[in-house]
Amino acid sequence: MPEGNHNRNINSKIHIFYNLFTKSPEDEERVRKIVEEQFGHIDPELHDTNVSITSIGYKLSSIPNNSSIAVHHDEGGEDLTLHAIWEYCRTNNHKHARVVYLHSKGSYHPNESNHRLRNFVTRGALSAECANLPDTCNVCSSRMSPLPHPHTSGNMWLARCDYIARLIDPFAAKEGKLPEKFHEDNPCKGRGRYLGEHWVHSHPSVMPCDLYPGKEFTWAHLRVPPREELKKELRKAPRFRFEEYVLPGMCLEKHPETLSSKDFVRVRMQNYELLYNITDLDESWWGW
């Protein structure tokens, strides 16, 4: 690569992809306020302010920050925007190219739990800490949890393009390219409609970092910190002991192997084989 291009890649700003869902005209003003809130955390010094917006459902008549909708679909899911990220990163396949994924969480189900989680993960994904992630990280978010499958609850994050380019195509499931078991909706195993939340942490070469030092919130919607309390201390994830991530509820009752330390490596390696045909991992490669 010519030296000039190399330097331009290093200094390029972070490209943001935004998945925007609006159910009906009656929701327009409320959803526009969600977009305005999230876009308010964009830093022009760090981020390309020309956000790539994928609109789904009702098309808003205007977007805050003089932004515009890149593509509109009457129906669809997050895989539309994740696929756009994947294609962008395959074209810009180097570690200095970074992308942020955001979505309008709470636009369909407006409640305090969704509002609080949206704010928590948006601020992390757009933080200066994630923007300047060290070489030992390739995905950064407010909180990464290895259980019940590697993910960030709320599914907003920053990632390096050379890592994203290794992932499965987000359209693989609907194009029939994945094993049948991945079509079953299973939030405990990150399958079906929950595969999108697992996607960015689904490859064995993932090197996650997260920001929030508090142990009270690990995953789901339980005990998400209030808006004014996002302390940021970037560290490699998972940052806590295994048992700190084990929560009571459906996964513990119906899929206990997803929260078991003795089964953790086996379950992860099964997924890596099914998704990526990777079988030659040392059992100490990741986690505990």
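Mentor: Look at cysteine 161, which counts as buried because its relative accessibility is 0%; buried means under 20% relative accessible area, exposed over 50% and partly exposed in between, with a 1.4 Å probe and protein chains only. This is a predicted model, where local features need pLDDT of at least 70 and side-chain atom pairs count only at pLDDT 80 or more, while totals for chains, interfaces and linings use all residues. Residues are numbered from 1 along each chain as its sequence is written, and side-chain values use heavy atoms, with hydrogens and water left out.

Trainee: Which cysteine is joined to cysteine 161?
Mentor: A disulfide here is a pair of cysteine sulfur atoms within 2.5 Å. Cysteine 161 is joined to cysteine 89, S to S 2.2 Å. The pair ties together parts that are 72 residues apart in sequence, since cysteine 89 lies in helix α3 (residues 79–91) and cysteine 161 in helix α6 (residues 161–164). Helices (H or I, at least four residues) and strands (E, at least two) are DSSP runs, numbered from the N terminus. Cysteine 89 is also buried, at 0% relative accessibility.

Trainee: Is that link left-handed or right-handed?
Mentor: Left-handed, with -60° about the S-S bond.

Trainee: How many disulfides are there by this rule?
Mentor: The count is 4. Counting bonded cysteines along the chain, the pattern reads 1-5, 2-4, 3-7, 6-8.

Trainee: What does cysteine 188 pair with?
Mentor: Cysteine 251, at S to S 2.1 Å. Cysteine 188 sits in the loop between α6 and α7 (195–198) and cysteine 251 in helix α8 (residues 250–254), so the link ties together parts 63 residues apart in sequence. The torsion about its S-S bond is about -95°, so this disulfide is left-handed. Both cysteine 188 and cysteine 251 are buried.

Trainee: And pockets, how do I read those?
Mentor: Rolling a probe the size of a water molecule over the atoms shows where empty space is left. On a 1 Å grid over the protein atoms alone, a pocket is an open set of points where a 1.4 Å probe fits, with protein on both sides within 12 Å along at least five of seven lines; lining residues have an atom within 4 Å of a point.

Trainee: Which residues lie nearest the centre of the largest pocket?
Mentor: Glu78, His103, Lys105, Arg193 and Tyr194, out of 40 lining residues. The largest share of that lining, 3 residues, comes from α7.
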